[in-house]
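Student: I've got a structure to look at and I'd like to learn how to read it. Can you walk me through it?

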Amino acid sequence: MDKKKTKNKNHNKKKHSASNQLAKFRGWIQAGATLLTNIHLPNFFKGEIYQGNGKAVCVPGLNCYSCPAASSACPIGSFQAVVGSSKYKFSYYITGFLILLGVLLGRFICGFLCPFGWLQDLLHKVPTKKFSTKKLKPLTYIKYVVLLLAVVLLPVLIVNDLGMGDPYFCKYICPQGVLEGALPLSAVNEGIRSALGKLFSWKLVVLISVVVLSVLFYRPFCKWICPLGAFYALFNKVSLFGMKVDEHKCVSCGKCAKVCKMDVDVTKTPNSTECIRCGKCISACPTDAVSFQYGFGMLGKTVDENAKIENKTNKKETKEEL
């Protein structure tokens, strides 16, 4: 029994150490993911868009297809292109891809792999007064409305004479398209620059608004608007990658909830739909009670439920030894 306890203790230490390291290097992982997502950097100077075989594959995060350096397609843009076309009504490949990512990782993608999420993190580091979003929680439901209306329903229901619908989110809302596509392309391509009109001006206003809000609030686009984040959020409670809180170690100090910029109390809702698995709660915990967990088992359960499962396991082990 003592050997098993020691083994479990060492295993937990290793798991927490790995979780801490993952959280510690999050910024570098975000930078690496952004670079891999936009690997064709010379295209920024050519004013061209990469159109190779890689564009047939979607990336996990929000990254515009029209970015000159983009190595693959944006899942939201690809979904809208198919749904709004005259030939297809639904994209099983893209939807299946998103569901698979949701089940495997959940909103870990938002916290570690999304280029626009990383940009917001960097903008929030600008030294100025910061504002809390705790009293603005009702705004988090807007992103589900955007997902349902702008991404799914409008492109299907409102079509032209050819039966084709507009990609409403990409065309009228997404600031990433202006940042990664319109601005760099128009900077080196006079033809594109001369064709810019009112729609570009509107999207530029959206981008500037998101940039300003990102400096003042933590990840406003992720919290309130992003349909991709809304989709992954639907899988957060069942995704294989989740958060675990050890009740035996937790001293209810509240430091994890205080440090969370996504307004989540990990001890109450370890796999909240708003949790992006950034790991700040892991670094803030003084007793190493919080850690990442991957696989089936205790994901989505509360601290008390986790404790009950662990107690049952310990009792079973004791009976087997006797």
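Predicted model: local features only at pLDDT ≥ 70, side-chain atom pairs only at ≥ 80, totals over all residues.

Student: What counts as a helix or a strand, and how many of each are in the protein?

Tutor: Helices (H or I, at least four residues) and strands (E, at least two) are DSSP runs, numbered from the N terminus. The protein has 17 helices and two strands.

Student: How do I describe the way two helices pack, and at what angle do helix 2 and helix 7 do it?

Tutor: Two packed helices are described by the angle between their axes and the distance between the axes. Helix 2 (residues 26-37) and helix 7 (residues 115-124) pack at an angle of about 135 degrees, with axes 9 Å apart. That makes helix 2 oblique to helix 7. Axes are lines fitted to C-alpha atoms, for helices over the stretch in contact, and angles run from 0 to 180 degrees between N-to-C directions. Under 35 degrees counts as roughly parallel, over 145 as roughly antiparallel, 65 to 115 as roughly perpendicular and the rest as oblique. The crossing of helix 2 and helix 7 is left-handed, meaning the near helix is turned anticlockwise from the far one by less than a right angle (clockwise would be right-handed).

Student: And at what angle do helix 4 and helix 5 pack?

Tutor: Helix 4 (residues 75-83) and helix 5 (residues 92-104) pack at about 150 degrees, with their axes 9 Å apart. Helix 4 and helix 5 are therefore roughly antiparallel to each other. Their crossing is left-handed. On the helix 4 side the contact is made by Pro75, Ser78, Phe79 and Val82, and on the helix 5 side by Ile94, Thr95 and Leu98. That contact has five nonpolar, two polar and no charged residues.

Student: Which residues of helix 7 are buried?

Tutor: Buried means under 20% relative accessible area, exposed over 50%, and partly exposed in between (1.4 Å probe, protein chains only). In helix 7, Pro115, Phe116, Gly117, Gln120, Asp121, Leu123 and His124 are buried, so seven of its ten residues, which makes helix 7 mostly covered. What covers them includes helix 2, helix 10 (175-188), helix 12 (198-216) and helix 13 (220-224). Across the protein, buried residues make up 45% of the 322 residues.

Student: Is Lys125 buried or exposed?

Tutor: Lys125 counts as exposed, at 63% relative accessibility. It lies in the loop between helix 7 and helix 8.

Student: How do I read the two strands, and which way do they run?

Tutor: Two strands pair if DSSP finds at least two bridges between them. Here five bridges join strand 1 (residues 241-245) to strand 2, and the strands run antiparallel. Val245 has Val290 as its bridge partner, and Phe241 stands opposite Tyr294.

Student: Which residues sit on each side of strand 1?

Tutor: In a regular strand the side chains alternate between the two faces of the sheet. In strand 1, Phe241, Met243 and Val245 are on one side and Gly242 and Lys244 on the other, and all are buried. In strand 2 (residues 290-294), four of the five residues are buried.

Student: What is the phi of Arg277?

Tutor: Most residues other than glycine have a negative phi. Arg277 has a positive phi of about 55 degrees, although it is not a glycine. Arg277 lies in the loop between helix 15 (255-259) and helix 16 (280-284) and counts as buried, at 0% relative accessibility. Asp288 also has a positive phi, near 55 degrees, and counts as partly exposed at 37% relative accessibility.

How values were computed. Residues numbered from 1 in each chain as written. Heavy atoms only, no water. Contact = heavy atoms within 4.5 Å. Nonpolar A, V, L, I, M, F, W, Y, C, P; charged D, E, K, R; others polar.
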